Amino acid sequence: MYYFSQAIFTMGLSCQFLFTFIFLPVASTFSQPTFLKARKANSTITMLTVDRAGDFYIVEKSGVISKFDKDGELIASFAAGTGLTTFDPTNAIRLLVWYKDSKTYAWLSPTLENPGMANIDPSLAIEPQLMCPSGDYAVWIYDAADQTMKRVQLNESIVQSEFPLESSIPEPEISSIKEYLNFLFVVDDAKGLFVFNSRGRLLKRLNEPKTMVHFLGEELYFVYEGKLHFFNLYTAETRTLPLPNPAKAAVLTDERMIVQADSSQLHFYRWQP
């Protein structure tokens, strides 16, 4: 059982929604997935993700990033190396790779070509730990030196805004950050998921998940206890979908479901939300 705390979601300048609720299972309205094919990776899969265009990606323990179309056909691959910290292809046009140890990043093309690495200047973040895209040219950076989230405009080398995390997440152990619909989603390994608005106001906390989350339309979703759990960001409605087999991870589009069945096996399904 996991609980949602009271939160205020601010959409634009004039509309606010107040939610106070706990998780209650809702009958699934999804179609049943139809199995299409299986693919086996060359090594252990450490990440399964999807972009907004509907293509899928895996990152392997070897450091190789592979991109697949909706039918599981390989489109491109990139040897990112074993030092890769973050890969975020959400934008679909400019795909972020981030290396914490060297404090370097690059924007890969849709064909996973690397135009060159760049450094994060210490004036922007002293100890940058995590990074995610924010709009076309900005990024969010978690600076572990002062435990702050910083929105940085990289092409102008300026910090546009920042806010402290420790007031909302004492002794943070941040493992993942993502922006979606102008909200910032922060996953703490021990405490769960925290949702902030663009000004750093804490809107909501979920005790689960303690892993990466994904998005489909107006819903957030994640794998927990053998099911996909959905939460609507506008209405607060929740629903669940049993996965077709035990899964380590799963990602969705409006046509496909990709399930990581074990350490290196992917199953492709046809489905509709």
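This is a predicted model: local features need pLDDT of at least 70, side-chain atom pairs count only at pLDDT 80 or more; totals for chains, interfaces and linings use all residues.
Residues are numbered from 1 along each chain as its sequence is written, and side-chain values use heavy atoms, with hydrogens and water left out.

Let me start with the core. I take a nonpolar core to be a set of buried Ala, Val, Leu, Ile, Met, Phe, Trp, Tyr and Cys residues joined through side-chain atoms within 4.5 Å, where buried means under 20% relative accessible area, exposed over 50%, and partly exposed in between, with a 1.4 Å probe and protein chains only. The largest such core has 25 residues, and those with the most contacts inside it are Tyr 221, Leu 228, Leu 252 and Met 257. Among the elements that give two or more residues to this core are β4 (45-50), β21 (219-224) and β26 (265-270), and the largest share, 4 residues, comes from β24; strands here are DSSP runs of E, at least two residues long, numbered from the N terminus.

Next, the salt bridges, each being a side-chain nitrogen of Lys or Arg within 4 Å of a carboxyl oxygen of Asp or Glu. The whole structure has 8 of them. In one, Glu 219 pairs with Arg 239, with the closest N and O atoms 2.8 Å apart, and this pair links distant parts of the chain, since Glu 219 sits in strand β21 and Arg 239 in strand β23, 20 residues apart. Both of these residues are buried. In another, Lys 150 meets Asp 143 at 2.9 Å between the closest N and O atoms; Lys 150 is counted as buried because its relative accessible area is 7%, and Asp 143 is buried because its relative accessibility is 0%.

What of the backbone? Most residues other than glycine have a negative phi, yet Leu 112 has a positive phi near 65° and Ser 157 has a positive one near 55°. Leu 112, in the loop between β10 (104-108) and β11 (118-119), is buried because its relative accessibility is 3%, whereas Ser 157 counts as partly exposed because its value is 47%.

Finally, Glu 173 lies in the loop between β15 (158-164) and β16 (174-180), and it counts as partly exposed because its relative accessibility is 43%.
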